[in-house]
Amino acid sequence: KENSNMKCIIFTLIVGTVLSQTYHHHDIEMFIDRTFKYVDTDHDGVMVKAELAGAFDFLDVDHDDKLSYAEYTKYSQSAESQLSHDVYNHYDTNKDGFLQRSEYVDSLFSQMDHNGDGQVTRHDYDHFFTNVIHHEIHHGHNGR
C-alpha cells in the first residue's frame with residue numbers, strides 16, 4: 001500500500017511538472033511515459049481500470065467519490081499553472097467544478113482504451129495524454 005501511494009504521489013508530481021510548462025512533443029512524451037510506469041503498479045506494461053481507480057482513491061482524501069481541484073493537485077508542484085487548470089476542466093465534463101469518479105476513472109479509461117479490450121498499453125496512454133496536453137496548450141484557458 002505504501003509503495004502504491006508513493007507511486008501515485010510521484011505520478012502526480014511528474015504530470016504536474018509536464019502541465020506547468022510548455023514542452024516540445026518529444027519532451028511531453030518522455031514525461032508521460034514515465035508517469036505510465038507509476039500508474040502501472042504491477043509493471044506488466046498494461047494499465048487496467050483498477051490501477052487508475054487506485055490513483056483516484058489515493059487522491060480522494062475526503063473519500064466523497066469526487067476530486068476537488070485541491071485534491072487533484074495536492075501532490076503537484078504546478079497547482080497554479082494555467083495548463084493544470086485547463087486539463088482539470090477538460091476532465092470535468094459536467095462542468096460542476098469536481099472530477100467525479102465516472103469522469104476521472106470510467107470516462108478517462110474508456111477514452112484511453114480505444115479498442116475496448118480493458119487494457120491501456122503504454123502507447124495508448126502516451127498517445128492519449130500527448131493529445132490532451134497539446135489540445136490544452138492550443139485550446140485551453142477555459143478559466144477555473
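User: How many salt bridges does the count come to by this rule?

Analyst: The count comes to three salt bridges. The structure is a predicted model, and the rule asks for a side-chain nitrogen of Lys or Arg within 4 Å of a carboxyl oxygen of Asp or Glu.

User: What makes Asp106 and Lys49 a salt bridge?

Analyst: The N to O distance between the side chains of Asp106 and Lys49 is 3.0 Å. The cut-off is 4 Å, between a nitrogen of Lys or Arg and a carboxyl oxygen of Asp or Glu, so the pair qualifies.

User: What makes Arg101 and Asp65 a salt bridge?

Analyst: The side chains of Arg101 and Asp65 meet at 2.9 Å, N to O. That value is within the 4 Å cut-off, so this pair is a salt bridge as well. Arg101 is in helix α6, whereas Asp65 sits in the loop between α3 and β2 (66-67), 36 residues apart in the chain.

User: Why are Asp57, Asp65 and Arg101 called one network?

Analyst: The three residues are joined by salt bridges that share partners. Arg101 pairs with Asp57, and Arg101 also pairs with Asp65. As background, side chains of opposite charge can pair when their charged atoms come close.

User: Which phi does His63 have, and where is it placed?

Analyst: His63 has a positive phi of about 55° and is not a glycine. It is placed in the loop between α3 and β2.

User: Why is His63 called exposed?

Analyst: His63 has 65% relative accessibility. Exposed means over 50%, so His63 falls in that class.

User: Why is Val87 called buried?

Analyst: Val87 has a relative accessible area of 2%. Buried means under 20%, therefore Val87 is buried. Val87 is in helix α5 (residues 82-91). Between Val87 and Ile133 the separation is 46 residues in sequence, and the C-alpha to C-alpha distance is 7.4 Å.

User: Why are α6 and α7 called roughly perpendicular?

Analyst: The axes of helix α6 (residues 101-112) and helix α7 (residues 122-139) cross at roughly 110° and come within 9 Å. Angles from 65 to 115 degrees count as roughly perpendicular, so the two helices get that name.

User: Which residues of α6 and α7 meet?

Analyst: Leu108, Gln111 and Met112 in α6 meet Asp124, Tyr125, Phe128 and Phe129 in α7. The residues of this contact divide into five nonpolar, one polar and one charged.

User: What is the secondary structure of the whole protein?

Analyst: The protein has seven helices and four strands. Along the sequence the pattern runs α-α-β-α-β-α-α-β-α-β-α.

User: How much of the protein counts as buried?

Analyst: Of its 144 residues, 47% count as buried. The accessible surface comes to about 7,300 Å², and carbon and sulfur atoms hold 52% of that surface.

User: What share of the contacts comes from residues 24 or more positions apart?

Analyst: Such residues account for 62% of the contacts with a separation of 6 or more.

Terms used:
Residues are numbered from 1 along each chain as its sequence is written. This is a predicted model: local features need pLDDT of at least 70, side-chain atom pairs count only at pLDDT 80 or more; totals for chains, interfaces and linings use all residues. Side-chain values use heavy atoms; hydrogens and water are left out. Buried means under 20% relative accessible area, exposed over 50%, partly exposed in between (1.4 Å probe, protein chains only). Contact means heavy atoms within 4.5 Å. Accessible areas come from the Shrake-Rupley method with a 1.4 Å probe; for residues, only the protein chains shown count as cover. Axes are lines fitted to C-alpha atoms, for helices over the stretch in contact, and angles run from 0 to 180 degrees between N-to-C directions. Angles under 35 degrees count as roughly parallel, over 145 as roughly antiparallel, 65 to 115 as roughly perpendicular and the rest as oblique. Ala, Val, Leu, Ile, Met, Phe, Trp, Tyr, Cys and Pro count as nonpolar, Asp, Glu, Lys and Arg as charged, and the others, Gly among them, as polar.
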